[in-house]
Amino acid sequence: MGDMLTVAWKEWRELILLGGSLRGGRISLVILLGLFGVFLPFKAGAEWVTSPATLFYWGWLPLMLVAGAVADSFAGERERHTLETLLASRLPDRAILFGKVLAATTYGWGIVMAMLFLSLVTVNLTARAGHLLLFPWRFAVGAPLLAWLGAGLAATAGVLVSLRAATVRQAAQTLNVGILLLILAPVLGAQALPDAWKAQAGAWFASVGVDGILWTATAALALLDLLLLAVAMARFQRSRLILD
Amino acid sequence: MVEAVIRTEKLSRVFDKVRAVDGLDLEVPAGIVFGFLGPNGAGKTTTIRLLLGLLEPSEGRATVLGFDTRHQAGGVREKAGALLEHHGLYERLSAEDNLAFYARVWRMTASARRDRIRELLEPLGLWDRRSEAIGRWSRGMKQKLAVARALLHRPSLLFLDEPTAGLDPVAAATLRDDLGTLVSREGVTVFLTTHNLVEAERLCHRVAVIKQGRLVAVGHPDELKARSATRAEIVGRGFTDAMLALLRNQPGVARADLRNGRIVLELGESSETSPLVRLIVQAGGAVEEVRKDKGSLEDVFLTLMEEER
């Protein structure tokens, strides 16, 4: 655990304090904060805290946020010739791998939490509901959980891609295409389904309700996270990383 | 008998059809600076990677600090320090953060971290610049910092892979001096790869020469130099090709050449220069000065490289 936090400490230092791979990306971060923390809550009003649609944002946003940062994890170290020294240290394989995943996950999750809090402040300042507007419990638990799993998914996939990528650019491109497919596939897939299947799916969604959909999505994301983590662990081999 | 900190037996590594390291048998005693010499592509870096357990041997075995590199590589990396082919520093971080990260890696407490970083940076003249991001530092300063990083956890064995490569002569000399001081102060065994023979001669107590993955010589630099022929350089005027031919026919003269107007002779063990000088004078030459010495480590190295061709 200590070793993992040590690796994460270094990653955070590079990522957050010094701009890291997000150099030039700080403007887009401010834009995203403005969009999801101020503009959209302002437009939605009190509905922002109750609409199930907003939950979708908190699972999806970290994917975008983390992807930019995590591509740098191994490919960046390889590109800047720091990887071999890191691998020649006493750090166990898992500490290096999990430390990088943890740093990227907490980075994306932290920003989403900041957006969530900012959006709550915006809604309370602008909706004038006459009482304090708070997220219902399923949102208060579900949004951070979905954000964590979404960030974890992007972080693990990013580390996996970055392990073998020759350059940061190559890793970032592969990751962006992957995330785009992940987002578009369910949307396009749903449209391509026969009408009878769509009706069945609609009936299922109606029967399980928002809570059911939320926990199904959470379980699916958690499963995907674990699967990718297992693949990343299997692919992390010091000798392969040195020779690559 | 001095304990060996590195011992290899028929250590080999094959990449596709290339034998980067080929049947290496090596023993490195504790407490010395061991020079591992060879031209580019000789297998020096691969050997270090094998010794650190970063690569698995194709054949043979190695033990480092008592750990088998194939099965106990974690133990080797716990106890050893390394400055590899690239300095491996994080250029966006400050010097202090670079060292602090590796101090955390080696589980040093916060106070031990602070003290050790100061202890290492002060003699290197880097303490006052510890808060600067190192991206704009000179290569020499970065190499010094990388040496400090490698020594941070007081390793009992230090691997240095061509530490002065790419430095200008002044920076290389400074780093060499600092390295010598730090290494003797820390009492660490050093495995130093280099193709800089002056560096090897100055720093190393024992050297091994490797070519195309194979060990071609090992010993104290003086022992290796003793293997080389005695060299004589005759300064004067009126030297001719006929004179050289005459000298080449003399017993004990292995080689006679004219270089920059001077006669350069390679002599056998017991060869005297006075009869040769007399011969030159009788043949019409004027001798002003005779310099006689053993060959340098560089001469030995070049001879070894030629012999193995």
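Over how many bridges do strand E1 of chain B and E2(B) pair, and in which sense? In this predicted model, strand E1 (residues 4–15) of chain B and E2(B) are joined over eight bridges, and the sense of their pairing is antiparallel. Within this pair, B:Val14 stands opposite B:Arg19, a residue of E2(B).

The pair belongs to an open sheet of four strands in chain B, which follow one another in the order E2-E1-E4-E5 with antiparallel pairing. Strand E2 (18–29) and strand E5 (67–68) of chain B each have a single partner strand and stand at the edges, so one side of each is left without a neighbour in the sheet. Across E1, E2 and strand E4 (59–64) of chain B lies helix H1 (residues 44–51) of chain B, which runs at about 65 degrees to E2(B).

Looking at chain B as a whole, one finds it divided into domain 1, covering 4–225, and domain 2, covering 228–307. The C-alpha centres of these two domains of chain B lie 40 Å apart, and twelve residues of domain 1 of chain B are in contact with ten residues of domain 2 of chain B. On the side of domain 1 of chain B that touches domain 2 of chain B, the elements that give two or more residues are helix H7 (197–203), strand E9 (206–211), strand E10 (214–219) and helix H8 (221–227) of chain B. By class, this side of domain 1 of chain B has nine nonpolar and three charged residues, but no polar ones.

Between the chains, 21 residues of chain A are in contact with 23 residues of chain B. Helix H1 (2–17), helix H5 (83–87) and helix H10 (238–243) of chain A are the elements that give two or more residues to the side of chain A that touches chain B, and the largest share of that side, six residues, comes from H1(A). Sorted by class, the side of chain A that touches chain B has seven nonpolar, seven polar and seven charged residues.

Inside chain A, helix H4 (residues 72–79) and helix H8 (residues 168–192) pack at an angle of about 160 degrees, with their axes 8 Å apart. H4(A) and H8(A) are therefore roughly antiparallel to each other, and their crossing is right-handed.

Note on methods: Residues are numbered from 1 along each chain as its sequence is written. Chains are lettered from A and ligands numbered from 1 in the order in which they are written. This is a predicted model: local features need pLDDT of at least 70, side-chain atom pairs count only at pLDDT 80 or more; totals for chains, interfaces and linings use all residues. Axes are lines fitted to C-alpha atoms, for helices over the stretch in contact, and angles run from 0 to 180 degrees between N-to-C directions. Angles under 35 degrees count as roughly parallel, over 145 as roughly antiparallel, 65 to 115 as roughly perpendicular and the rest as oblique. A crossing is left-handed if the near helix is turned anticlockwise from the far one by less than a right angle, and right-handed if clockwise. Domain bounds come from an automatic or database domain assignment. Two residues are in contact if their C-beta atoms, placed from the backbone, lie within 7 Å. Ala, Val, Leu, Ile, Met, Phe, Trp, Tyr, Cys and Pro count as nonpolar, Asp, Glu, Lys and Arg as charged, and the others, Gly among them, as polar. Two strands pair if DSSP finds at least two bridges between them.
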